[in-house]
Amino acid sequence: MQALALLGGPKTIPVPFRRYNSIGPEELAAAKSVIESGVLSQFLGVWHEDFYGGPKVREFERRAAEYFGVKHAVTVNSWTSGLVAAIGAIGIEPGDEVIVTPWTMSATATAILHWNAIPVFADIDPETYNLDPKSIERQITPYTRAIMIADIFGQSADMEEIMALAARHGLQVISDTAQAPGALYKGRYAGTRAHVGGYSLNYHKHIHTGEGGILVTDDDGIAERLQLIRNHAEVVVGDKGVANLANMLGYNFRLGEIECAIGIEQLAKLAGLVASRQSLAAALTDGLRGLAGLQTPVVGQDRSHVYYVYPMQIDPAVLGTTRDRICDALNAEGVAVSRHYQNIHLLPVYQNRIAYGSKGFPWTSDICRRQVDYRKGICPVAEKLNDETYMGFGMCVYDLDHSDIDRIVEAFRKVWANLDQLRT
Ligand SMILES: *Cc1c(COP(=O)(O)O)cnc(C)c1O
């Protein structure tokens, strides 16, 4: 048996994999036609026909609504903007609490702070990495207004249970489905069961427009408020005759014509791109079967996983070495696994409670009606995963084929055959 690359042996994968690239001649032609038209964005920030944007914006939104099976799709210039718009659109009040997952990208929770509402962290399920409905329920207080879930890594949270819980407590549900476009949950697309949900279109996701995002909702009122927040609400509401002025502070969250023209082509490719990730992930799971102390992804009942990330867990007690040593060994073999995801409750903004200005607003103000706990220890499942057991492989980082998967499996098997070299 050859020595591990970490210890001076040969690398299993000496040449890095090619970068994932979903962009081709279709997107080039679509972008070119917009450029030739000379109209790169047709939005007007006043109450006018062009308040809703130009032809490509409208066509992309029409197609996305049809594709995802929702009444309304609203494009935005990033999914971060989409999350901010969603929190505003549900009519959040300053000081309202929103229960959110710590196992997500930071923007999921900062969107809440941007309206002076208070993020409250619940813990995740150790197998699916999504919010655990029982933990959500424990965090509900008289001040809770909404639940912000994330369909993390590519599979839907337990939406039936979460929507039922929300209905019992009169809460709104927002779904950050940035990583799971095209994932199914009980026959419907992830992101579409919440009161408002949506997808990121940034460069790193399954499909992208460079930067961008798309919100989905079946609620006419929410859709209107999303459109208003996207495009200078405060100057539009008067002429449009909007009676409810809550959170009608607008932004410029508009996505351009070029991006939407590209988005139309990308949406048409989504099913194929998702199927290719699923087939690669299935082969990887097959190849890794039988490796002691390694847990491959667990897919919940009645749903599909689109593998934005292929998540795994290491059992240090079984392996006799640490997760970090295993990651070092795999990285050295040429498999770029990551050993951390996120524990966003531990970010400085929450640990120091410094957000707006320097004096602790909103936590130190009257709008925050109770002391909210952000100390390490509040999310034991998410913390243990990050500190000791989680390991992920970014399936949307590389342009992989089945022979690449074979080499990844070979690298894992080499490391597992040499575990004694990693024990000190
Ligand atoms: C990518 C991502 C975002 C942010 O999306 P942008 O389009 O980059 O603003 C938010 N939440 C999650 C879970 C993400 O993966």
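Q: How far does a backbone N or O atom of Trp-79 lie from an oxygen atom of the ligand?
A: This model is predicted: local features need pLDDT of at least 70, side-chain atom pairs count only at pLDDT 80 or more, and totals for chains, interfaces and linings use all residues. Residues are numbered from 1 along each chain as its sequence is written, and side-chain values use heavy atoms, leaving out hydrogens and water. A polar contact here is a pair of N or O atoms within 3.5 Å. For Trp-79, a backbone atom and a ligand oxygen atom are apart by 2.9 Å.

Q: How far is an oxygen atom of the ligand from an N or O atom in the side chain of Ser-200?
A: Side chains reach the ligand too. Lys-205 has a polar side-chain atom 3.0 Å from a ligand oxygen atom. For the side chain of Ser-200, the distance is 2.7 Å.

Q: How much of the ligand's accessible area does the protein cover?
A: Take the ligand on its own first. Its accessible area (Shrake-Rupley, 1.4 Å probe) is 380 Å². The protein covers 92%.

Q: Which residues come nearest to the ligand?
A: There are 14 residues around the ligand, each with a heavy atom within 4 Å of it. Nearest come Thr-80, Asp-176, Ser-200, Asn-202 and Lys-205.

Q: Which residue is joined to Phe-361 by a cis peptide bond?
A: Most peptide bonds are trans. This one has an omega of about 5°.

Definitions and conventions. Polar contact = N/O pair within 3.5 Å; in protein donor to acceptor, adjacent residues only side chain to side chain.
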